Each structure stands twice: as structure tokens, then as C-alpha cells.
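Here are my notes on the model, point by point. Please read them with the structure open.

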Amino acid sequence: MKNIKRAVHIDFHTMPGIENFGENWNAEVFAQTLKDANVEYINAFAQCNIGFSYYPTKIGIKYPTMKGDMFGSLLSACHKHGIVVTAYINVGLNHEAARRHADWLRVDKDGRIIRGDRSANFFRTMCYNTDYREYLLKIIEEICSYDVDGIFCDCMCLEPCYCDRCTSDMKNQGIDIEDGKAVLDFAYRVMLSISEDIRKIVPKDKYLFLNGMPFYDVRNYNSHIEIECLPSGGWGYDYFGAKAAYARNINKNVLYMTGRFQSSWGDFGGYKTKASIENDFFDALCNNVGVSLGDHMHPANNLIADIYSDLRDIYKIIKTYEPWTDGCNYISEIGVLTDSGGVLSKSYMGLSRMLSELKYSFDIIHKDMDFDRFSVLILPDDMRVDNELANKLKNYLSMGKKIISSGFSGLNIEETDFALSEWDFKYKGKDSSNSPYFHFTNTPPNIADMDWAIYKPGIRMEKSDTNTVLADYIVPYFDRKWDGLHGYFYTPPKCKNKESVILINSQKNVAHVSFRIFDAYYENAMYAHKIIIDELIKLFLPNPLIRAENMPSTSRITLTGKKDYYLLHVKVTYPEPRGKFDIVEEHNILPEGKTIYIRGNFNKVLRLPDKTIMESYTENGYTVIKLPQINGYGMFCLCNK
Ligand SMILES: [Zn+2]
């Protein structure tokens with residue numbers, strides 16, 4: 001299917017009581033506004049999370065004061081302008097159906113169907129194991145009878161359900177309803193089965209995205225992936241990078257769906273500045289994914305002209321890059337393994353931040369995927385190794401490649417020892433101390449010679465005779481605890497014992513850091529922790545793809561490309577914490593004259609889109625590029641033509 005470009009996701013959830021609903025709205029103005037803003041694709045409201053339909057439905061509940069067919073008219077107006085329209089339906093929330101059918105709701109362990117903040121959205125959610133299932137599928141069928149280009153299913157959030165049918169089914173299947181994990185697994189299987197049923201209804205040549213379902217697990221149902229992330233509105237600026245690194249390995253058609261809001265969805269009066277949207281789209285370009293802007297339309301008015309005027313400028317620039325970016329791949333040499341179906345822990349967000357600051361190119365892949373193309377693999381923090389993975393890793397190492405693991409990674413599933421003899425370190429069990437330290441055996445440059453905090457303990461280990469020790473374990477005087485007389489808050493480092501914190505194996509192809517260093521970096525972002533990983537990667541990857549030693553750690557440098565050329569992405573804008581928010585108000589400017597080294601010999605470097613020739617030369621297998629002044633973001637083409 002055609003890759004989605006320059007999208008807008010239009011939220012439109014309307015409470016009852018808008019007496020002048022649609023009064024000033026006009027389908028033609030709506031479509032023309034999008035067309036003028038260079039928009040090619042929209043998610044548009046067929047049915048909202050209140051449960052109202054915006055077309056004259058025979059099955060669902062039409063918005064009471066809607067006249068005519070709002071969805072139908074916007075669909076034909078958009079199609080007239082060549083804009084692709086995917087119909088939005090909220091499948092996890094449907095408050096109007098819920099009011100009429102209390103037996104269609106998820107029931108929590110205490111028997112409640114309504115819980116939490118009633119002034120928000122998620123205080124009651126639908127159970128797909130009730131008659132709601134047939135109702136929902138019929139509505140999707142009804143929407144598909146329009147000439148839609150696809151279906152966007154929202155709010156597929158996992159929660160346990162103890163409703164009568166779920167409980168009966170679990171009992172019939174021998175599931176212990178006191179086992180919280182088993183109950184959640186059952187609820188997840190129900191969600192996978194409704195996902196399959198929805199895919200059967202939506203024709204194969206139409207787009208389908210199941211928002212909330214883990215990308216990898218539903219890879220055969222999703223036509224593409226939309227990474228929903230309002231970075232300043234709760235998701236944070238570390239969420240997107242890790243998700244994109246995983247998503248682009250699952251599907252070739254991935255979008256970064258950010259939003260125009262200052263806070264979060266439903267923020268009618270919030271607009272976070274043009275530069276802030278550009279910042280997010282620069283991140284999308286750096287990660288080789290497409291762009292989408294989330295908006296919320298007023299129930300009586302047209303789209304806000306000034307916002308779409310800004311978007312027109314932004315999408316005009318994105319469009320000028322497309323002749324180069326279309327069909328590119330992300331170029332990486334470090335593979336990061338996960339066993340998750342799609343949800344990535346804080347460790348992956350910490351890792352993504354750390355490697356991005358260091359300018360190492362990486363992809364996150366499922367352990368079942370092929371990883372032979374990477375020069376180095378990282379098993380972050382909690383990546384325990386089953387027999388199948390052990391065989392793959394053994395084979396990978398036998399090809400002369402290298403592995404870095406941390407925390408519990410590398411251990412067998414039972415956590416009795418390391419899974420492979422290549423990890424020839426002595427495993428001493430879980431680290432039960434809550435205040436341990438480490439000390440470098442040779443302190444790296446620009447690092448203080450001191451005992452450094454571990455923050456996120458993992459395992460205890462000792463070296464074998466043939467191992468190389470890079471850091472020793474330092475025990476504290478006390479752990480943080482209450483002993484009945486004192487609360488031990490002050491727990492200084494005491495002395496080293498015979499254990500190690502960073503070890504390299506005898507074959508010099510596996511390094512292990514004993515603590516959960518990537519989780520620690522997400523929580524604490526300590527420079528000394530980043531340097532550990534930098535030193536290990538330098539050891540295993542002495543000639544990395546990108547070398548940018550004199551660029552600021554706040555900048556992002558990545559490579560995408562195809563057979564004939566590389567695209568170098570240099571992003572220098574970054575957010576500042578202001579109050580409770582991380583804010584981008586204008587772009588940062590990189591002064592002229594910084595140099596970047598890209599592995600490979602290229603005889604021409606062009607700044608895009610104007611094709612200005614940049615000063616460059618080759619040296620020791622690298623192309624050295626002298627950068628011009630960069631305002632926010634720059635894209636450069638490296639080629640031999
Ligand atoms: Zn249920």
C-alpha cells in the first residue's frame with residue numbers, strides 16, 4: 001500500500017448539549033483548508049469516544065443535533081481534492097452505548113463498572129467479550145460501506161475484565177481468576193481476537209491501524225503504524241525515539257503522530273508553537289518515519305485557519321525533502337533486542353536517549369527477528385535468554401560479532417546462571433543492596449576518580465581468571481533502611497570487595513555491566529553511566545558509522561539512505577524544561593564550522609533541498625563534512641555522482 005504522507009489526525013469527541021452543532025462548519029472549507037496545508041491523509045471522525053456517530057447510522061447513535069451526513073460530506077469533499085480519508089472509530093470507549101448497556105462494560109476485580117476520574121475518558125471501558133462485540137463489528141461494517149480508505153481504531157487499551165462472560169470463560173478454560181497475570185493474559189487474547197475480526201471486515205487494500213495494540217503482536221493486522229506521542233503532554237521527549245527504532249523494523253509505513261496541543265488531547269485552547277511541531281517532525285525525519293499532526297476540531301466551527309497556515313509552511317518543507325526521503329531505509333549498525341510485543345520499558349527509552357546523545361545508530365528488534373546485519377548487539381537490563389535465543393546468540397558471536405549486556409540480561413530464564421558459556425563470568429545472584437557503588441579500574445578521561453552510584457542494581461558477579469575488569473563493586477557502609485532507631489539515609493561507599501561491575505569475557509566479544517544501566521540513565525541521566533556504554537561500544541566498534549565528537553550532546557545525527565546515497569540528518573533544536581513542561585519556542589542555531597565524519601568515501605555532499613555543495617574530503621575511510629550554520633535542522637545528501 002502507498003506510504004502515508006503529511007497526515008492530520010482530527011479528534012472530534014462531542015459532548016451532548018452543543019445546541020449549535022456544526023453551525024459554521026462547511027465540508028468544502030474543511031477539505032480546502034487541508035488541501036492548502038499540503039495534507040495528503042487524514043484520520044476523520046465517523047464515531048467518537050462518547051459513542052456518537054457523525055453519519056446517519058442504522059446501528060449506532062447519531063449526534064442528536066447533527067443535520068445531514070457530516071462524515072459522508074467531508075469524505076466526498078476530501079476525495080475530490082485527492083485527500084486520503086481513514087475513518088476514526090473509538091472501539092475501547094463508547095459512553096453512549098455504555099449508558100444503555102451496562103452489561104457491555106469491563107468489570108474490575110471489585111465488581112465496579114465505573115471507576116477513577118469521571119471528568120476524564122477512561123472511567124468506563126468496553127468489554128469485547130460481550131454483545132458489544134457484534135455491535136462494534138456491525139458499525140465498522142457500516143462505516144466500510146462508505147468509500148473510506150481505511151479504519152483507525154482508537155483506545156484499544158489492555159485492562160483485566162471480571163464481567164460475567166469473561167469470568168465464566170476463564171473458569172471453563174481452567175484459568176485461576178485469583179491469578180492477576182492470567183486474567184490479564186485472557187483479556188489480551190480477547191483483544192487479539194477482536195483485532196483479527198476487525199481485520200477480516202476491513203478489506204485488505206484499505207488502511208487499518210489498531211491504536212493501543214502492541215505493534216509487533218498485531219503486525220499482520222495493521223497496514224501501517226502510527227506512533228501516538230504528544231511529547232510535551234505526558235509522553236515525554238524520550239518516548240518517540242525508542243518506539244520509532246522498533247516500529248520501523250516492524251512496518252515500512254510508520255508515522256509520528258504528535259499534536260498541536262500545549263497540554264494533551266482535548267486541549268481546545270492550547271497550541272504549542274510552530275517551532276515545537278517542527279522539532280517533532282525533525283525527529284521523524286531523523287528516524288525515517290512520516291509525519292502526522294493531531295488536532296481537535298470545534299463542534300460548531302471550521303478548522304483553525306492560523307494553525308493550518310503554519311502547517312502549510314511546515315508541510316511545504318517536508319514535501320521538498322520527499323524526492324530524497326521517499327523509499328529510504330534507516331541505517332544502523334547496533335541492534336538492540338527486546339522480547340516485548342510492542343510496549344517498551346523505561347530501559348529502552350534510557351538507551352535510546354543515551355545512544356542518540358552519543359550519535360550511535362541503532363535499531364530495536366524483536367528477538368525472533370534476524371540480527372546478523374548488526375556489528376554489535378545490546379541486551380538491555382532485563383533481556384533473559386531462552387534456548388532458542390541462546391542458539392542465535394552463539395551463532396552470532398561465532399561470526400566474529402560482539403555483544404554488550406546489562407543487569408539481568410544474558411541470564412537464563414530461571415536466573416540460575418548465564419545462558420551461554422561465552423558469558424564466562426561468575427554469577428553470584430541478584431544484588432539485594434539498595435545503595436551500591438562502582439569504581440573504574442582505569443578512570444576514563446573527563447570522569448572524576450571517585451566511587452560512582454549504581455542507582456539501579458541488577459546482579460552480583462565475580463571475574464574469572466581470563467576476564468578483563470573495567471570496574472569494581474564498592475559496598476556501602478549501610479543500605480537505606482529503618483532499623484528501629486535510625487532511618488539510614490546517608491549510605492556512603494565503604495570499600496571494594498572481590499566482585500566486579502563491568503567485565504569483558506576471555507574471548508573479548510562479550511561485555512557485561514552488572515546493573516540496570518539503561519533504566520538508571522532514564523531515571524538519573526548520569527554522565528558517568530553514559531561513558532561506560534560509550535567506552536564499551538568504542539572497544540567493540542572502533543570505526544563507527546558516524547563520528548561527531550565536537551557536536552553537542554543535545555544534537556541528533558542519523559543516517560538514512562538507499563543504494564545510491566546517504567541522507568545525513570543533523571538536528572540541533574531541543575526542548576528546555578519550563579515549569580512542568582518541556583518547551584520548544586524557537587530553534588537552536590549551530591554555528592558554522594563543526595565537522596562530522598561519516599564512514600565511507602563520498603565525493604559529493606549536498607545540502608538539501610537547495611543542493612548547495614558542502615566542503616568535504618575523505619580521510620582514513622571516512623568522509624569528513626564541514627557543516628554550515630544550521631538553524632534547527634539540516635539534511636545533507638552524500639553521493640558519488
Ligand atoms: Zn468481560
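1. Donors, in this note, are N, O and S atoms within 2.8 Å of the metal (3.2 Å for Na, K and Ca); water is not among the atoms, so sites may look incomplete. Along the chain, the zinc donors follow the spacing C-x33-C-x1-C-x2-C. They are the SG atoms of C127, C161, C163 and C166, at 2.3 Å from the zinc ion.

2. Some ground rules. This is a predicted model: local features need pLDDT of at least 70, side-chain atom pairs count only at pLDDT 80 or more, and totals for chains, interfaces and linings use all residues. Residues are numbered from 1 along each chain as its sequence is written, and side-chain values use heavy atoms, with hydrogens and water left out.

3. What is the arrangement of the four donor atoms around the zinc ion? The arrangement is tetrahedral, because the donors subtend angles of 102 to 116°. The cut-offs: four donors count as tetrahedral if all angles lie between 85 and 135 degrees; four count as square planar and six as octahedral if opposite donors are over 155 degrees apart and all others between 65 and 115; anything else is irregular. The pair C127 and C163 links distant parts of the chain, 36 residues apart. C127 sits in the loop between α3 (95–100) and α4 (132–144), and C163 in the loop between β6 (150–154) and α5 (164–172). Helices (H or I, at least four residues) and strands (E, at least two) are DSSP runs, numbered from the N terminus. Both C127 and C163 are buried. Buried means under 20% relative accessible area, exposed over 50%, and partly exposed in between (1.4 Å probe, protein chains only).

4. Next, strand β10 (residues 290–296). Seven of its seven residues are buried. Both faces are covered: G290, S292, G294 and H296 lie on one side, and V291, L293 and D295 on the other. Strand β1 (residues 7–11) pairs with β10 in the parallel sense over five bridges. Two strands pair if DSSP finds at least two bridges between them. In β10, S292 is the bridge partner of A7. Strand β9 (residues 254–259) also runs parallel to β10, joined by five bridges. Here G294 in β10 is the partner of G259.

5. Look now at the open sheet of six strands. Its order is β11-β24-β25-β35-β30-β31, with antiparallel pairing. β11 (329–330) and β31 (612–613) stand at the edges, each with a single partner strand, so one side of each is left without a neighbour in the sheet. Strands β25 (residues 565–571) and β35 (residues 633–639) pair over seven bridges. K571 stands opposite Y633 in β35. Helix α9 (residues 274–286) lies across β11, β24 (556–562), β25 and β35. The helix runs at about 150° to β25. Axes are lines fitted to C-alpha atoms, for helices over the stretch in contact, and angles run from 0 to 180 degrees between N-to-C directions. Contact means heavy atoms within 4.5 Å.

6. Another open sheet has four strands, in the order β23-β29-β33-β32, with antiparallel pairing. Its edge strands, β23 (546–547) and β32 (616–619), each pair on one side only. Four bridges join β32 to strand β33 (residues 622–626). S616 has I625 in β33 as its bridge partner.

7. Helices α11 (residues 346–358) and α14 (residues 527–540) pack at an angle of about 65°, with their axes 10 Å apart. From α11, M354, L355, E357 and L358 meet H529, K530, I533, D534 and I537 in α14.

8. Two residues deserve a backbone check. K359 has a positive phi of about 70° although it is not a glycine. N446 likewise has a positive phi, about 65°, and is not a glycine. Are these residues buried or exposed? K359 is buried, with a relative accessible area of 3%. N446 is exposed, at 70%. K359 lies in the loop between α11 and β13 (362–366), and N446 in the loop between β17 (437–440) and β18 (452–453).

9. Finally, a cis peptide bond runs from L608 to P609, with omega near 5°. P609 is in the loop between β30 (604–608) and β31.
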